[in-house]
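Me: Could you take a close look at one helix-to-helix packing in this model for me? I'd like to know which residues meet there, and then how that part sits in its chain.

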Amino acid sequence: MGTGRLYAAVAAGGFRRYATYRTATAAGVFTNTVFGLILAYTYLALWHERPHLGGYDKGQALTYVWVGQALLMTVSVMGGGFEDELMERIRTGDIAIDLYRPADLQLWWLAGDLGRALFHLLARGVLPMAVGAFLFPLALPSRPLVWAAFLAAVTLGAVVSFAIRFLVALTAFWLMDGAGVAQIAWITAMFCSGMLLPLNVFPGVLGEIVRALPWASLIQAPADVLLGAADPVAVYARQLAWAAVLLAAGRMLQSAATRRVVVQGG
Amino acid sequence: MAEETYGGVYADAEPVRDRRRPPAHRRPSPAHPDRSSPGEGTYGRVREGLRAYRLITAMWIRSTMAYRASFVMTTLGNLVATALDFVAILLMFSRVDVLGGYRLPEIAFLYGLSATAFGLADLAIGSMDRLGRRVRDGTLDTLLVRPAPVLAQVAADRFGLRRLGRVTQGACVLGYALAAVDVTWTPLKVALVPLTLLSGGLIFCALFVAGAAFQFVAQDASEVQNSFTYGGQTLLQYPPTVFAKELVRGVTFVLPLAFVNWLPALYVLGRPYPLHLPAWVAFTPPLVAAACCAASGLAWRAGLRSYRSTGS
């Protein structure tokens with residue numbers, strides 16, 4: 001089997017695995033819609049008080065809410081994706097088998113996670129967005145090119161998100177129980193990704209810091225591309241740079257970690 | 001909204017053992033766990049349920065305390081995670097002075113009441129959203145054969161003392177709000193604050209129980225419950241003026257979330273409620289809470305009676 005086909009099969013597996021739970025998915029869509037509704041009204045109140053806050057008009061702010069709800073699961077802001085499983089494999093020692101396989105550990109999990117991301121984008125993203133567009137006057141672009149640019153930014157956001165969570169998972173080599181790190185990771189992601197509030201609304205220096213951090217690639221960057229609030233090329237450049245740095249860091253950490261693995265005979 | 005991961009080991013195999021257990025004839029028969037044995041009133045059942053709840057919670061607290069450092073860290077994490085909502089409000093107020101016509105201390109008052117009431121309910125019976133998993137994998141059967149009310153067992157299941165973090169965070173915001181808010185306090189208004197917390201907590205408890213009852217039917221749909229519990233809590237953090245009238249009507253007359261904090265809090269703040277209800281409605285939360293608990297109790301019975309084991 002060619003290498004490309006192998007990872008494509010892993011990605012398809014990731015997609016199918018999450019597609020199995022239909023009721024749970026429907027329930028998740030409902031939850032995303034409810035939270036989108038609540039947030040949309042609070043954003044309306046905020047932008048009523050300060051029109052053009054953060055460079056968005058009301059329609060753009062409302063669109064931002066629903067983009068956030070659509071991407072929450074896709075880019076795994078709250079975690080709970082592959083990293084829980086990887087940490088468990090590290091803790092139990094099953095990781096030794098994974099390292100023995102003729103496939104790259106990082107690419108293997110990346111492929112699976114991208115498959116999951118695609119499923120979540122289609123299943124948990126499209127419907128809440130449609131409800132949002134039905135209930136509120138959203139500023140959705142009409143040109144297909146903008147949508148294509150948005151999807152590219154979402155893909156890169158999913159890769160950056162994976163790279164961060166891969167690093168988080170690898171800490172289990174040293175800590176054994178990764179629950180604490182995972183919690184810190186998702187709280188940071190919630191705050192810094194723009195899920196809590198658009199990052200361009202954050203005041204002063206704090207705003208500049210969170211916009212420069214890798215988490216901005218998860219929600220803020222794709223949303224800005226969709227809303228036409230940022231130049232796609234500059235957004236991609238930043239996302240690619242973070243993805244490269246973080247994936248490389250993941251590889252370095254992995255090679256440091258695997259030197260620690262001792263397989264007990266038996 | 002926060003999905004929590006659970007460490008520790010299942011204690012399913014280990015029934016609650018206690019020498020002070022009542023004699024067998026006073027316990028409900030295991031085959032009909034939701035029915036009391038003849039001659040025993042509701043009072044006896046409630047007392048027995050509370051006792052089982054107390055014993056199981058005590059067990060989980062002991063198990064939590066075996067790893068004290070982990071307990072401190074998860075509690076802190078719980079506190080920080082729940083504080084994010086308030087951080088969002090603070091960030092909003094870094095750019096505006098009023099939101100929906102309300103200033104920061106007033107919104108903090110709404111937030112503090114809603115978050116503390118929800119925190120109390122979450123601490124008490126927050127693990128109930130795990131019921132769907134038990135129905136799915138069949139471990140609910142274990143609870144059915146135990147000599148204690150199932151509701152008490154499910155409510156106390158995996159009791160998480162770390163959820164004190166949420167209560168603490170809500171109480172801190174409420175404390176700030178009480179100090180900063182501009183209200184001429186009357187004895188009535190002072191009495192209304194603890195009353196609101198208590199009845200609000202009970203309304204959220206009723207929501208948890210009703211949500212769990214729903215999971216007998218829709219086993220995988222625990223997230224739907226989250227929309228009403230966590231979602232409701234988020235909604236109530238903001239003043240009703242922010243939301244559309246239909247939504248406010250919905251959470252007043254259909255799903256009575258408005259009684260958790262909006263109605264009593266707006267009376268305390270001296271603000272008009274958007275729906276022109278009579279002023280005495282602000283004092284009805286305890287009645288509404290009682291009605292909610294009764295309704296969710298009925299829903300729970302119906303749910304439990306409809307339970308069919310996976311058989312495996």
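Reply: Happy to! In this predicted model, α2(B) brings Thr82(B), Phe86(B), Ile89(B) and Phe93(B) to meet Leu104(B), Ile107(B), Tyr111(B) and Ala115(B) of α3(B). Residues are in contact here if their C-beta atoms, placed from the backbone, lie within 7 Å. By class, this contact of α2(B) with α3(B) has seven nonpolar residues, one polar and no charged. Ala, Val, Leu, Ile, Met, Phe, Trp, Tyr, Cys and Pro count as nonpolar, Asp, Glu, Lys and Arg as charged, and the others, Gly among them, as polar.

Now the geometry. Helix α2 spans residues 68-93 of chain B and helix α3 residues 104-125 of chain B; their axes are 11 Å apart, at an angle of about 170°. Therefore α2(B) is roughly antiparallel to α3(B), a label for angles over 145 degrees. Axes are lines fitted to C-alpha atoms over the stretch in contact, and angles run from 0 to 180 degrees between N-to-C directions. The crossing of α2(B) and α3(B) is right-handed, with the near helix turned clockwise from the far one by less than a right angle.

Stepping back to the whole chain, chain B has 12 helices and zero strands. Helices are DSSP runs (H or I, at least four residues), strands are runs of E of at least two, and both are numbered from the N terminus. Of the 312 residues in chain B, 44% are buried, with 20 or more other C-beta atoms within 10 Å of their own. Among contacts in chain B with a separation of 6 or more, 83% join residues 24 or more positions apart.

An unreviewed UniProt entry lists "transmembrane region" for chain B at several spans, including residues 69-93 and 108-126; such annotations may be inferred rather than shown by experiment. Residues 167-185 of chain B are 74% helix and 0% strand, with end C-alpha atoms 24 Å apart. For residues 191-218 of chain B, the helix share is 96% and the end C-alpha atoms lie 40 Å apart.

Two notes on conventions: residues are numbered from 1 along each chain as its sequence is written, and chains are lettered from A in the order in which they are written. Local features need pLDDT of at least 70 and side-chain atom pairs 80 or more, while totals for chains, interfaces and linings use all residues.

Technical notes:
Buried ≥ 20, exposed ≤ 12 C-beta atoms within 10 Å, placed from the backbone. Contact = placed C-beta atoms within 7 Å. Parallel < 35°, antiparallel > 145°, perpendicular 65-115°, else oblique.
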